[in-house]
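Dear colleague,

Please find below the structure that I am handing over to you. My notes on it follow directly after.

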Amino acid sequence: MRTVSIGVLGAGTVGAGVLSVLQRKGDRISRSLGATIQIRGVLVRNLTKSRSDDFDNGLLTTDVERILGDASIDVVVELLGGEEPARTYIERALRAGKHVVTANKEVIAKHGYELLRIAADRGVNLFFEASVGGGIPVIRVLRRDLVVNDISQIQAIINGTTNFILSEMEAGRDYAGALKQAQALGYAEADPKNDVEAIDAAYKLAILSTLAFRTDVRPDRIHRVGITALDEKDFRYAREMGYVVKLVATARQIGDTIEANVHPTLLPAEHHLASVKGVFNAVLVDGDEVDKLVLYGRGAGAQPTSSAVLADVCAIVQDIVYGVAEPIQFPERQLEIRDFGDTEARFYLRLLVADEPGVLAQIARVLGDGGISIASCIQKEADADARVAEIVIMTHAARQSAMTDALSVIAHLSCTRQISASIRVDR
Ligand code: NAP
Ligand code: HSE
């Protein structure tokens, strides 16, 4: 039986998960592939760190040359995270004629195009199924299974950590405790700022949009808003109105332009993504042939992510042994990315205002002057002593730039005490 040798860069949450699956299921995988996968080395930063018992410590190294410089290694699996040195190691592996599997959304979102070019020139594969949606097979579905579709829209919950935190907050738990738990469960990035500020979701949306719309969408063109400013009251008020609050990544094609953004969103309770809870992710794709398609599963964690990483490894082993390579596809056109200000949404606004006659009229006038129509307005709570009232306004669809301008005028009205929330509502 043919042996395929792999080198693994990283033995953290995902790396240790991959090694554990290979240890437990190596024989069964070999039988179904007709080839044996042999691990030749595992790169880590710290050799003295305590690791799980099913770990062969003899494989660990802090010297990357033991992997990149080993001519017998066919496949490099990059699971370090972060932009550097991961990008450089991937490039070096590809240039050395090694196939690469990575779970690194930052590197693929920022440098995927250039790295895929190198892979194509060298005649090797660069696969990144685990970079989006953890255990959900979404990359291969977009690349292969939906190939005949013209995709008009993707709407997705693609960060497990934030969906876990929002689900906990929805159930009345506090933000800091939920984040700590997500970190302990291995869901969060090394720097959780990447999760809670929607940086990770923007990388993932850049990857999905590039594949879905066959155009180059870089993460710096994606407008993003994280979850750190959300308040327990917004969950409560949203629920009373029949909505849930989710961090939603949306990309749609409008004519020859692409709109792509990630931000907290009020979703109607009956929306396909509204019931996605905890670490689960879901990707809703609109294709002209397939119509609506929802892919749902665990978006983070050692086991689901290892499943996706090893699916890529197995595809490469099959290519090495039987020659069944999947062709590398490149963006075939360049569509313009719309400025966020030019996009449209309905809005949920929560304002703290002076509790006195004429206040609502002043606010309605500012919104009206900006062409923004009010769908409903409810006074929620009042503090008679402080003479302030909290109001919640739902608008009809309006341009983002008009709302931004109106809010800056409202902020300066003498009756305004605070603009507590401005959250986009799913159309
Ligand atoms: P992690 O737990 O922080 O593990 C990182 C591993 O890489 C550790 O073993 C660390 O060594 C090693 N490492 C980091 N920098 C290194 C360097 N410069 N030289 C040598 N070794 C280095 O990260 P993770 O959660 O497994 O994530 C890995 C990748 O998978 C990231 O790109 C992440 O975005 C992606 N991903 C993660 C998940 C998830 O659920 N966690 C899901 C999908 C995708 P030590 O062990 O010695 O510290
Ligand atoms: N930190 C990421 C998340 C890991 O929470 O979704 C999976 O990509």
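I begin with R173, which is partly exposed, because its relative accessible area is 47% and the range for that class runs between 20% and 50%. Please keep in mind throughout that this is a predicted model. R173 forms a salt bridge with E168, and the closest N and O atoms of the two are 2.9 Å apart. E168, by contrast, is buried, with a relative accessible area of 15%.

**Salt bridges**

Side chains of opposite charge can pair when their charged atoms come close. How many salt bridges does a search of the whole structure find? The search finds 30.

Elsewhere, R140, R144, D145, D312 and E326 are joined into one network by salt bridges that share partners.

**Aromatic pairs**

A pair of aromatic rings is described by the distance of the centres and the angle of the planes. In the whole structure, a search finds 3 aromatic pairs. One of them is formed by F164 and Y187; this pair is edge-to-face, with 5.7 Å from centre to centre and 70° between the planes. Which parts of the chain does the pair link? F164 is in helix α6 (residues 160-170), while Y187 is in the loop between α7 (175-184) and α8 (193-196), 23 residues apart, and these are distant parts of the chain. F164 is buried, with a relative accessible area of 8%, and Y187 counts as buried at 15% relative accessibility.

Another pair consists of F280 and Y296, which are stacked, with 5.0 Å from centre to centre and 10° between the planes. F280 lies in strand β11 (residues 280-287) and Y296 in strand β12 (residues 291-298), so this pair ties together parts that are 16 residues apart in sequence. Is F280 buried or partly exposed? With a relative accessible area of 23%, F280 is partly exposed. Y296 counts as partly exposed too, at 48% relative accessibility.

**Helices and the positive patch**

Helix α3 (residues 86-95) is mostly covered, as 7 of its 10 residues are buried. These buried residues are A86, R87, Y89, I90, E91, A93 and L94. After α3 comes G97, which has a positive phi, near 80°.

R24 has its place in helix α1 (residues 13-33).

**Contacts across the sequence**

I108 has its place in helix α4 (residues 105-122). I108 counts as buried because its relative accessibility is 7%, and the limit for that class is under 20%. I108 and L126 are 18 residues apart along the chain, and their C-alpha atoms are separated by 9.9 Å.

D426 lies in the segment after β18 (416-425). How far apart are D426 and P268 in sequence and in space? They are 158 residues apart in sequence and 7.3 Å apart in space, C-alpha to C-alpha. D426 is buried, with a relative accessible area of 11%.

With kind regards

Conventions:
Residues numbered from 1 in each chain as written. Chains lettered and ligands numbered in written order. Heavy atoms only, no water. Helix = DSSP H or I, 4+ residues; strand = E, 2+ residues; numbered from the N terminus. Phe/Tyr/Trp six-rings, centres within 6.5 Å; stacked < 30°, edge-to-face > 60°. Buried < 20%, exposed > 50% of the residue type's maximum accessible area, 1.4 Å probe, protein only. Salt bridge = Lys/Arg side-chain N within 4 Å of Asp/Glu carboxyl O.
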